[in-house]
Number of protein chains: 2
Amino acid sequence: MYDSDLNDERDRLVELAMESVARRGGDISKATLATDTQVARAKIDRLFPEEADLAAALVERWFRPLVAIMEDVLAAELPPNRKMYEFFARRFDYLRALFQRDPATFALFVELGDSHWEEVRSYVDLGDHYLSEIIAQAQADGYFPGLTINHALSLINQMLVTYVQPMFLIMIPEKLSEDKLAQIVDTVFAGLSASDRGAAGVSKLRIA
Amino acid sequence: MYDSDLNDERDRLVELAMESVARRGGDISKATLATDTQVARAKIDRLFPEEADLAAALVERWFRPLVAIMEDVLAAELPPNRKMYEFFARRFDYLRALFQRDPATFALFVELGDSHWEEVRSYVDLGDHYLSEIIAQAQADGYFPGLTINHALSLINQMLVTYVQPMFLIMIPEKLSEDKLAQIVDTVFAGLSASDRGAAGVSKLRIA
């Protein structure tokens, strides 16, 4: 069998596995996947040699559209503020549509993501990598003066977390909007800098 | 018995109830409180007529130091950026110390808070009320031009959420610091405004 055929088969089985997870309302093993889909266990073993391969494939399937969005945005010819907005807004729109279509299944997959943090982590790291590229582009244009890329990354991740962490779609969907997201990105580009503007006060100076 | 004696007794029992929750690793009822503390059920019934009264007292006890911090900060003579920083930083410091002293018990109380959202909500609303006062003071000084207080409140709550939601202390304690909090508050004061600085692009104009 050609590799591409194998990948197609694996993809089809992952789709069935996603449906099976949604129906069961919880995590699945290779054994329950065989029961639920009537696919031969031998075939499942060939496509997913280890249990961890099935879990990794499910996580990959969840993140695939989000990775595609990030890559599209990174490749686009846009100024850095527009690029950062699109980077967050398009993923937010995608996740919100998913949430609205089926809130219970959405919550289930978010919960499963928490329990597969090791597999999820690499996608979070990939998001950080792409956001760092946007930050570097912004700094080349004079934004975020004095901050290292990593420090700007950490601050921006914190300020935008409600538009990335899917649990906020479950907790406060009515408080999240593209308009607010745009205002936060505008605030970041207008105000983020390494210079101390006094919010923390001068207690450190007094101690020194 | 005088009301103040009754309050003292209720406080003592709430302290015992907090310890009992921590020991059990889960929610308690009036019955389990009587078993755990050897306090007579009749006395517990007098101090907490309904199960909901016990739950409300536990939530009140959790939020009491946080409310005291907020009231102290609101009463302080500080410029609005300093006040907003202290408003978040002092509660963050308090919660972080609690987390560091006993991460498991901290996580337990956060989880119980989620399951008593109705009791918790009034403290969240109180926090919004106080933050609105700080925003009004800031706007009197010319900050956040063009935004309604409620809209500024929503944006600021979103940008600062990692320093308020205790689950972030559990998830990413190493990424949170007073320095970053100060830089976010500085960013908010330097950059937050109703004016469109272009992050969202002109697609709406094109549609119009």
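The crossing of helix 10 of chain A and helix 8 of chain B is right-handed (the near helix is turned clockwise from the far one by less than a right angle; helices are DSSP runs of H or I with at least four residues). The model is predicted: local features require pLDDT of at least 70 and side-chain atom pairs pLDDT 80 or more, while totals for chains, interfaces and linings use all residues. Residues are numbered from 1 along each chain, chains are lettered from A, and side-chain values use heavy atoms, without hydrogens and water.

**Helix contact**
- Helix 10 (residues 178–191) of chain A packs against helix 8 (residues 149–159) of chain B at about 70°, the axes being 11 Å apart (lines fitted to C-alpha atoms over the stretch in contact, with angles from 0 to 180 degrees between N-to-C directions).
- Helix 10 of chain A is therefore roughly perpendicular to helix 8 of chain B (65 to 115 degrees).
- A:Lys180, A:Gln183, A:Ile184 and A:Thr187 meet B:His151, B:Ser154, B:Leu155, B:Gln158 and B:Met159 (heavy atoms within 4.5 Å).

**Relation of the copies**

**Aromatic pairs**
- Over all chains, the structure holds 19 aromatic pairs (ring centres within 6.5 Å, using the six-membered ring of Trp).
- A:Trp62 and A:Phe109 form a stacked pair, 5.7 Å centre to centre with 20° between the planes (stacked: under 30 degrees).

Technical notes: Helix = DSSP H or I, 4+ residues; strand = E, 2+ residues; numbered from the N terminus. Parallel < 35°, antiparallel > 145°, perpendicular 65-115°, else oblique. Phe/Tyr/Trp six-rings, centres within 6.5 Å; stacked < 30°, edge-to-face > 60°.
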